[in-house]
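I opened a new notebook page for a structure I had not looked at before. My plan was to go through it one topic at a time.

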Amino acid sequence: MTDQITPQFDVRPARAEMLPTVMAILDAALLDIAVETVRDRLSSGAVLVATEEDRILGTVVLNDTHIEAIAVRPNRRGQGIGTALVDAASTRGRLTAAFRPGVSEFYESLGFDIERTGDRWRGVTPTAR
């Protein structure tokens with residue numbers, strides 16, 4: 001029997017010099033969020049990053065308790081990084097998110113209650129974690 005290695009990563013507020021990498025991760029996930037918005041959120045501590053040995057693995061951009069964008073590097077998905085980002089963000093309170101139908105399963109896996117609103121979907125965490 002082989003031991004399975006559990007990835008170790010930290011979640012913390014992003015720093016200004018991380019902006020290009022944060023944007024690259026968001027762009028790779030095909031998320032439509034302006035760099036100016038991310039820069040503004042970053043300056044207020046509302047951009048969190050999950051890192052492993054100083055490499056950014058994923059990010060969440062918040063507007064108070066609303067998730068404006070969340071993304072994980074494609075080769076690191078399914079490793080709990082999104083969950084860790086949402087857990088850290090939920091210290092702000094009950095979270096909300098609006099998203100395309102194709103990612104509703106991701107939000108459901110994070111514990112969001114999902115509802116359809118027109119051509120978009122909305123998710124709300126039942127309570128703050």
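**Entry 1: the model.** I noted before anything else that this is a predicted model.

**Entry 2: the helix pair.** I read that two packed helices are described by the angle between their axes and the distance between the axes. I looked up both values for α1, residues 19-28, and α2, residues 35-43. Their axes come within 11 Å and cross at roughly 130°.

Next I listed who makes the contact. From α1 come Leu19, Val22, Met23 and Leu26. From α2 come Val35, Val38, Arg39 and Leu42. I sorted these contact residues by class: seven are nonpolar, none is polar and one is charged.

**Entry 3: the largest pocket.** How much space lies in the largest pocket? I found about 580 Å³. I then turned to its lining, which has 28 residues. Nearest the centre of the pocket lie Leu31, Ile70, Val103, Phe106 and Tyr107. By class, I recorded 15 nonpolar, seven polar and six charged residues in the lining.

Which element gives the largest share of this lining? I found that β4 does, with seven residues. I marked β4 (66-72), α3 (81-89), β5 (96-99) and α4 (104-109) as each supplying at least two lining residues.

**Entry 4: arginine 73.** I located arginine 73 in the loop between β4 and α3. I looked for its contacts, leaving out residues up to four places away in sequence. Arginine 73 touches Thr21, Ile25, Arg55, Ile56 and Leu57. I then took the C-alpha separation of arginine 73 and isoleucine 25, and it is 6.0 Å. Along the chain these two are 48 residues apart.

**Entry 5: phenylalanine 9.** I placed phenylalanine 9 in the segment before β1 (10-13).

How values were computed: Residues numbered from 1 in each chain as written. Predicted model: local features only at pLDDT ≥ 70, side-chain atom pairs only at ≥ 80, totals over all residues. Heavy atoms only, no water. Axes fitted to C-alpha atoms, helices over the stretch in contact; angles between N-to-C directions. Helix = DSSP H or I, 4+ residues; strand = E, 2+ residues; numbered from the N terminus. Contact = heavy atoms within 4.5 Å. Nonpolar A, V, L, I, M, F, W, Y, C, P; charged D, E, K, R; others polar. 1 Å grid on protein atoms, 1.4 Å probe; cavity = no way out; pocket = protein on both sides within 12 Å on 5 of 7 lines; lining within 4 Å. Points joined across faces, edges and corners; volume = space filled by probe spheres on them.
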